[in-house]
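Have the model open as you read.

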Amino acid sequence: MDGVGKTTAATGLTDRLNFKIVEKPLHYLFDEGESTDNYIRIRDEVNANTNKIFTGWFYGLGNIFLYEQFKNQNIITDRHILSNYCWSGSDESDFVFDAIYRAIGHPDYTFIIYASPEVVAKRLLKRDVNDSDLKKVSYVPEAYEKMIRIMKKYDMPGTVVDTSDMNEKEVVDFMIDVLKEKGIIDVQ
């Protein structure tokens, strides 16, 4: 969900672990350089479509592209199949996610970054009082239920991190500790 601190956490992890951060993987197909203009335009058109099978495939292509483009590299991304499922997952589109998962499997480790609806609203308002994501705040509990359900369905190793009462450093420290404990990373 927007406003929980996922990009901030991903950036912090990238800095600490010396990994590459990958945001909006499809922008690598649609844009040149650092621009995301074409991706944003196409994304907005896709998001206007209510067909979850269509949107699931679109964002699923991003998941598949991510794996192909950055194969055998240490990367961190702030969105993956779980966030795709959060917005496009339904009984009718489950076969899409099953196909994507069969094609790419799962990351070494996944963090579902959570914050209470009140905290999300506060963070979004601080970012921009007209943020369109404010309309989605009431969806927070259902969104996390969906992401946790799909993480369990695919037996993805992961942890839910409640960032409601944590600052950026505490979130990254927590995540680093979990990754060390699970044997995913070996850093001092």
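Asp173 and Arg16 form a salt bridge, with their closest N and O atoms 2.7 Å apart; the term stands for a side-chain nitrogen of Lys or Arg within 4 Å of a carboxyl oxygen of Asp or Glu. This pair links distant parts of the chain, as Asp173 sits in helix α9 (residues 168-181) and Arg16 in helix α1 (residues 6-17), 157 residues apart. Helices here are DSSP runs (H or I, at least four residues), numbered from the N terminus.

Before going further, please note that this is a predicted model, in which local features need pLDDT of at least 70 and side-chain atom pairs count only at pLDDT 80 or more, while totals for chains, interfaces and linings use all residues. Residues are numbered from 1 along each chain as its sequence is written, and side-chain values use heavy atoms, with hydrogens and water left out.

**Salt bridges**

By the salt-bridge rule, the count comes to six. Three of them are set out here, including the one already described.

| Salt bridge | Closest N and O atoms |
|---|---|
| Asp173 with Arg16 | 2.7 Å |
| Lys153 with Asp98 | 2.9 Å |
| Lys169 with Asp173 | 2.6 Å |

How far apart in helix α9 are Lys169 and Asp173? They are four residues apart, so about one helical turn separates them. Through shared partners, salt bridges join Arg16, Lys169 and Asp173 into one network.

Asp173 is partly exposed at 21%, and Arg16 is partly exposed at 45%. Lys169, at 55%, is exposed.

Now back to Lys153, which forms its salt bridge with Asp98. Because Lys153 lies in helix α8 (residues 140-153) and Asp98 in helix α6 (residues 94-104), this pair ties together parts that are 55 residues apart in sequence. Both ends count as partly exposed: Lys153 has a relative accessibility of 44%, and Asp98 has one of 22%.

**A buried lysine**

Is Lys6 buried or exposed? Lys6 is found in helix α1, and with a relative accessible area of 12% it is buried. Apart from its neighbours within four places in sequence, Lys6 is in contact (heavy atoms within 4.5 Å) with Met1, Asp78, Arg79 and Ile113.

**Helix packing**

Helix α3 (residues 37-47) and helix α4 (residues 52-69) have axes that come within 10 Å and cross at roughly 155 degrees. The axes are lines fitted to C-alpha atoms over the stretch in contact, and angles between N-to-C directions run from 0 to 180 degrees. α3 and α4 are therefore roughly antiparallel, the term for angles over 145 degrees, while those under 35 degrees count as roughly parallel. On the α3 side, the contact is made by Tyr39, Ile42, Arg43, Val46 and Asn47, and on the α4 side by Phe54, Thr55, Phe58 and Tyr59. By class, six of these residues are nonpolar, two polar and one charged. Nonpolar here covers Ala, Val, Leu, Ile, Met, Phe, Trp, Tyr, Cys and Pro; charged covers Asp, Glu, Lys and Arg; the others, Gly among them, are polar.

α4 also packs with α6, at an angle of about 5 degrees and with the axes 10 Å apart. That makes α4 roughly parallel to α6. Among the α4 residues in this contact are Trp57, Gly60 and Tyr67, and α6 contributes residues including Phe95, Phe97 and Ile100. The contact of α4 with α6 has eleven nonpolar, three polar and no charged residues.

Key
Helices (H or I, at least four residues) and strands (E, at least two) are DSSP runs, numbered from the N terminus. Buried means under 20% relative accessible area, exposed over 50%, partly exposed in between (1.4 Å probe, protein chains only). Angles under 35 degrees count as roughly parallel, over 145 as roughly antiparallel, 65 to 115 as roughly perpendicular and the rest as oblique.
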